[in-house]
Amino acid sequence: MDKIIEVTGLKKAYGSVQAVRGLDFYVERGKLFAFLGPNGAGKSTTIDILCTILKPDGGEVLVDGHRLGHEDAGIRSAIGVVFQDHLLDPLLSVEENIRTRAGLYHMAGKQLNDAVKHAAAAADVTEFMRRPYGKLSGGQKRRADIARALINTPQVLFLDEPTTGLDPQTRKSVWESIRTLQQTTGLTVFLTTHYMEEAAEADYVIVIDHGDIAARGTPTELKASYASDQLRLAASNDHALRALLEDRGLAYTCAAGSVVVKISDTMDALEILALVKGHIKGFEVLSGTMDDAFIGITGREIRE
Ligand code: ADP
């Protein structure tokens with residue numbers, strides 16, 4: 001397996017606040033990696049360290065073979081970063097912003113022109129390259145931010161909540177561009193997000209809480225371990241239905257007019273349905289979601 005990022009024993013404290021308490025993880029090359037956690041979990045601290053912006057107190061970090069603290073320039077040339085705040089110049093056009101950034105990498109002539117064209121196409125900003133950044137819509141700004149971060153053809157793209165603050169439709173289209181970019185170019189994407197439906201599409205997820213890893217796995221694995229499926233029963237005879245469930249020792253809750261039984265496996269619904277079919281007028285089996293898994297892992301909603 002090709003590990004593009006390897007983190008061992010990473011630690012960082014701000015005074016008495018232990019923001020990151022000895023993280024161990026890796027990211028596989030070419031994957032969409034989601035780094036999740038409630039507010040204050042230590043996500044930004046970790047990302048700032050990986051991007052060479054913040055010095056850790058301890059631990060080892062390798063990014064694309066470059067050792068943090070020894071080869072930071074190598075790391076910076078291997079990564080592209082899009083933080084939450086828009087950092088482009090509002091008066092300059094998208095193209096001028098991208099070209100200014102390219103100057104930092106000492107690009108010129110044909111190499112520069114090709115890189116600008118390539119980054120613009122990859123982030124889908126070609127149509128509004130001449131427009132001032134300040135005049136763009138939220139979704140267009142995000143794409144321009146991404147185009148600028150791609151100018152040095154990075155190996156890893158860090159995206160800190162790339163779709164926060166966008167309306168649902170724009171969020172979906174920016175998200176689709178990120179997915180396409182990752183899948184067609186083999187770029188590794190290291191992402192934080194508050195949207196569990198986005199995290200559910202990641203190749204691998206790490207959830208951190210209180211500066212430590214609380215869970216890790218593919219979305220399917222996390223849902224299977226931390227989010228149970230539900231059998232929702234619409235009673236025809238509420239009293240008899242509950243009495244039967246109680247008699248069989250099946251725990252239930254009542255929600256929105258339904259009687260809800262948690263099941264560990266979808267197929268378990270069949271046995272329960274056979275038992276209660278005389279007392280129900282309908283049913284629904286709901287699969288556990290990434291939202292459920294997140295709450296199961298951290299005990300909190302991600303937006304709290
Ligand atoms: P997240 O990005 O997951 O919201 P952060 O990495 O920003 O979490 O914060 C982790 C912890 O470190 C929090 O308790 C936060 O209050 C604290 N913290 C973050 N930055 C600083 C700082 N510059 N000075 C003091 N405490 C900080």
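A polar side-chain atom of Lys43 lies 2.9 Å from an oxygen atom of the ligand, a polar contact being a pair of N or O atoms within 3.5 Å (within protein, one must be able to donate a hydrogen and the other to accept it, and residues adjacent in sequence count only if both atoms are side-chain atoms). The model is predicted, with local features requiring pLDDT of at least 70 and side-chain atom pairs counted only at pLDDT 80 or more, while totals for chains, interfaces and linings use all residues. Residues are numbered from 1 along each chain as its sequence is written, and side-chain values use heavy atoms, with hydrogens and water left out.

The shell around the ligand consists of Tyr14, Val17, Ala19, Pro38, Asn39, Gly40, Ala41, Gly42, Lys43, Ser44 and Thr45, a residue being near a molecule or strand if one of its heavy atoms lies within 4 Å of it. Five of these residues are nonpolar, five polar and one charged; Ala, Val, Leu, Ile, Met, Phe, Trp, Tyr, Cys and Pro count as nonpolar, Asp, Glu, Lys and Arg as charged, and the others, Gly among them, as polar. Strand E2 (17-28) and helix H1 (43-50) each supply at least two residues of the shell, and H1 provides the largest share, three residues. Helices (H or I, at least four residues) and strands (E, at least two) are DSSP runs numbered from the N terminus.

Five antiparallel bridges join E1 (residues 3-14) to E4 (residues 58-63), and Thr8 has Glu60 as its bridge partner in E4. Contact denotes heavy atoms within 4.5 Å; axes are lines fitted to C-alpha atoms, for helices over the stretch in contact, and angles run from 0 to 180 degrees between N-to-C directions.

A second open sheet contains six strands in the order E6-E7-E8-E3-E9-E10, with mixed pairing. Strands E6 (79-82) and E10 (212-217) stand at its edges with a single partner strand each, so one side of each lacks a neighbour in the sheet. From one strand to the next, the twist averages 15°. H1 also packs on this sheet, touching E3 (32-36), E7 (156-160), E8 (188-192) and E9, with its direction at about 150° to that of E8. Helix H11 (residues 290-298) lies across E3, E9 and E10, running at about 35° to E9.

E9 (residues 204-209) and E10 pair in the antiparallel sense over five bridges. Ile206 stands opposite Arg216 in E10, and Ile208 has Ile213 as its bridge partner in E10. The two strands form a hairpin with two residues between them, and His210 in the turn has a positive phi of about 50°.

Conventions
Pairing = 2+ DSSP bridges.
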